[in-house]
Structures are given as structure tokens and as C-alpha cells.
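The following exercises concern packing in a protein model. Each task is followed by a solution in steps.

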Amino acid sequence: MNETTEVPFEKIKIGWFVFSCSEDNTITFTELMNDHWQEWKRIFDFRHVKVLKKNNIYDAFDIAFVEGAIASPEHEEKLKDIRDRSTKVVAVGACAVSGLPAAQRNTFTNAQKNAINFLVKRFGALPEVKKVTDVVEVDASVPGCPMNTDLFLKAVNGLVLELRPDYVAQPEKPLN
């Protein structure tokens with residue numbers, strides 16, 4: 001009888017969340033699936049990724065990817081809840097990382113702000129658009145509009161190494 005038995009690998013629970021943005025990073029993420037689906041389906045449990053599945057699970061996440069700027073009090077509360085449920089949070093794309101271009105209204109003149117104030121109030125928006133780090137702590141950031149795929153893959157691989165080093169150590173299971 002073999003004394004060393006391999007412990008089953010617990011998949012990394014993933015959530016992908018979108019706030020105020022064009023969702024170009026979601027498109028880029030799904031395009032990356034063309035090259036990475038076979039390896040990712042072995043190591044990731046895609047719990048809450050609306051672009052991939054109809055029945056999403058909103059509970060605990062090992063990694064939550066957050067795309068988009070935070071433009072409303074509801075966004076702030078949802079983002080805080082995501083942070084509370086997640087071991088790691090990754091800000092993805094320019095809107096999440098810098099707030100721009102969604103936050104360009106933050107730089108408007110007073111006259112411009114007055115001209116759009118009725119819209120800000122009508123839609124219950126925050127007085128200023130925020131980047132993700134204005135609301136919660138993040139563990140990694142991937143800039144770009146759309147995101148830089150090399151930096152995204154580097155962040156993903158780094159988090160897999162951090163969260164499941166036992167899995168990464170197995171050479172027959174490459175990450176890319």
C-alpha cells in the first residue's frame with residue numbers, strides 16, 4: 001500500500017464583477033478562455049461570472065476580479081460586500097484601477113458639473129466617480145483599457161501560486 005496519497009486539489013473560487021465601464025475587460029477575459037480554458041477549468045471554480053453562466057453563486061470567493069469604476073452608493077456597498085467575501089480582490093482595467101475614463105466628470109468645471117447635476121441626482125450617482133481602491137483594499141491591479149493580458153495572466157498566476165502552491169509545484173499541470 002502506498003503511504004503517500006495526493007490530497008485532492010480544491011479549485012480556486014472565482015468571481016467576476018462589473019461596475020461602470022464598457023466591459024472590454026470582460027470581453028478580453030472571455031477571449032483568453034480560447035487559450036486557457038483547458039487549464040483553467042481544472043483549477044478554477046467559476047462561481048459568479050455572469051458572462052459565462054446563467055446560474056451564478058454569490059458566496060465566498062478566493063479571487064474576485066472587479067472591472068469598472070464605482071459610480072453610485074449601491075456600487076460602493078456591493079464592492080464592500082465583495083471584498084468581505086473574497087480572499088483576494090483584483091482591480092481589472094483602467095476604470096477600476098484609475099477611475100478613468102468613467103471618472104472624467106470629476107475634472108469638469110463647476111459650470112459643467114452644474115449642467116449635469118440633474119442627471120447625477122436622477123440616477124443616484126455619487127458626486128464623484130471612484131476607483132476601486134478608493135472604496136476597498138485590492139491585492140493586485142491590472143491596468144489598461146482593455147486590460148493588459150500579459151499583466152492579467154501574471155496576476156492570475158501569482159495568485160494561484162499564493163493560494164495553491166501545492167498545485168503550482170506539480171510540473172504536469174502548467175499554468176500557461
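**Exercise 1.** Determine which residues Trp40 is in contact with, leaving aside its neighbours within four places in sequence.

*Solution.* Contact requires heavy atoms within 4.5 Å. On that criterion, the partners of Trp40 are Phe29, Leu32, Met33, Phe46, Phe152 and Leu153. The model is predicted: local features need pLDDT of at least 70, side-chain atom pairs count only at pLDDT 80 or more, and totals for chains, interfaces and linings use all residues. Residues are numbered from 1 along each chain as its sequence is written, and side-chain values use heavy atoms, with hydrogens and water left out.

**Exercise 2.** Identify the residues of the largest nonpolar core that touch the most other members.

*Solution.* A nonpolar core is a set of buried (under 20% relative accessible area, 1.4 Å probe, protein chains only) Ala, Val, Leu, Ile, Met, Phe, Trp, Tyr and Cys residues joined through side-chain atoms within 4.5 Å. The largest holds 26 residues, and Phe29, Trp40, Phe44, Phe65 and Phe152 touch the most other members. The element that gives the most to this core is α5, with seven residues. Helices (H or I, at least four residues) and strands (E, at least two) are DSSP runs, numbered from the N terminus. Apart from this core lies another, of 16 residues, including Phe19 and Val135.

Key. Buried means under 20% relative accessible area, exposed over 50%, partly exposed in between (1.4 Å probe, protein chains only).
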